[in-house]
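Subject: Handover of a structure

Dear colleague,

Please find the structure below, followed by an account of what was found in it.

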Amino acid sequence: MTSALHTSALNSLPLLARGKVRDNYAVGNDRILMVASDRISAFDVIMGEPIPGKGALLTQLSLFWFDQLGPKGLNICPIHLTGEAPESVVSEAERAQVTGRSMLVQRLKPIPVEAVVRGYLAGSGWKEYQESRSVCGVPLPEGLMNASKLPEPIYTPAAKAEMGEHDENITFEQTVAMVGADVAAQIRDKAIALYKAAAEIALKKGIIIADTKFEFGLDKAGTVVLMDEVLTPDSSRYWPLESYVVGQNPPSYDKQFLRDWLETAQVSGKAWDKTAPAPRLPKEVIEKTAAKYQEALTRLMG
């Protein structure tokens, strides 16, 4: 099994923040080194055991999508990559922690909105539809089933929560109040355009992208820029096309396998309380989760 990096430790750069997966370091005043660790979270709890290779895989997928959708490809939106090698800003001794799992990016002003786009009914959206025939306030037609493809992708933004808290679904009007009409409209329109283009590319590779979330920031000129990770199994619901059946939960290339195991996990003879530290992950759960992520990468990139 590949060696894993649970937490990076770079002494040559100031640490800005540790997220659920990424450790961000300041590079001067205008750039950030984003190091994707092998940490994995579920139900907003970071597991104690890493998934070997996950950070490198997420980085490769993000770079693939930045190439497809950014200025080198369809040019739907400016992107935060600087084009510089991440290894160039750390000491020689620290390069092993950085190589293959890092991006050197522009330092932007983050827009505090998760730009969520849904192309299919799934998860919490399916539950809400059954009760109200709508998802996050967006009305939908009668007669849809679990995993149904929506007539058109819908934009259902969320307010970004503090670490360990759940993001809160909000209306488009609330995003206007938060960031202004122009920026709110730009992130909605860019998110939908990015999703549609990515969904078409993935479908040709035998993958359905059921939904995803994007993050955007503003540069010094006030331009909206696509940032963070893009269209990875951590931020998206990936389904294999050949297993897709309307009315059923399709298998997915993400951490659903881990979530399912945690739902049945026992701690001291009792079901795991999601407010408590996570149970220790067995080797087979780690390996199967790693395999799910790897399959998504292999399908998309060969």
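Asp211 is buried, with a relative accessible area of 9%; here buried means under 20% relative accessible area, exposed over 50%, and partly exposed in between (1.4 Å probe, protein chains only). The side chain of Asp211 meets that of Arg237 in a salt bridge of 2.9 Å, N to O, a salt bridge being a side-chain nitrogen of Lys or Arg within 4 Å of a carboxyl oxygen of Asp or Glu. Asp211 belongs to strand β14 (residues 207-218) and Arg237 to strand β16 (residues 236-240), so the pair ties together parts that are 26 residues apart in sequence. Helices (H or I, at least four residues) and strands (E, at least two) are DSSP runs, numbered from the N terminus. Arg237 is partly exposed, at 23% relative accessible area.

Please note that this is a predicted model, in which local features need pLDDT of at least 70 and side-chain atom pairs count only at pLDDT 80 or more, while totals for chains, interfaces and linings use all residues. Residues are numbered from 1 along each chain as its sequence is written, and side-chain values use heavy atoms, with hydrogens and water left out.

Salt bridges

A search of the whole structure finds 18 salt bridges. In one of them, Lys20 pairs with Asp44, with the closest N and O atoms 2.6 Å apart. This pair links distant parts of the chain, 24 residues apart: Lys20 is in the loop between β1 (15-18) and β2 (22-27), and Asp44 in the loop between β4 (41-42) and β5 (45-46). Lys20 is partly exposed, with a relative accessible area of 30%.

Lys72 and Asp67 also form a salt bridge through their side chains (3.8 Å, N to O). Lys72 is exposed, at 71% relative accessible area, whereas Asp67 is partly exposed, at 37%.

The two domains

The protein is divided into domain 1 (15-106) and domain 2 (109-243), with bounds that come from an automatic or database domain assignment. Their centres, taken over C-alpha atoms, are separated by 21 Å. In all, 25 residues of domain 1 are in contact with 28 residues of domain 2, contact meaning heavy atoms within 4.5 Å.

How much area is buried between domain 1 and domain 2? The value is about 2000 Å², of which carbon and sulfur atoms give 70%; buried area is the accessible area (1.4 Å probe) that two parts lose on being put together, summed over both. On the side of domain 1, Asp44, Trp65 and Ile76 lose the most area to domain 2, together 28% of what that side buries.

Across this interface of domain 1 and domain 2, the rule finds two salt bridges. α1 (54-69) and β6 (102-106) each supply at least two residues of the side of domain 1 that touches domain 2. The largest share of that side, nine residues, comes from α1.

The loop residue Glu142

Glu142 is placed in the loop between β10 (138-139) and β11 (149-155). Is Glu142 buried or exposed? Glu142 is exposed, with a relative accessible area of 61%. Not counting residues up to four places away in sequence, Glu142 touches Tyr129 and Arg133. The C-alpha atoms of Glu142 and Met301, 159 residues apart along the chain, are separated by 37 Å.

Yours sincerely
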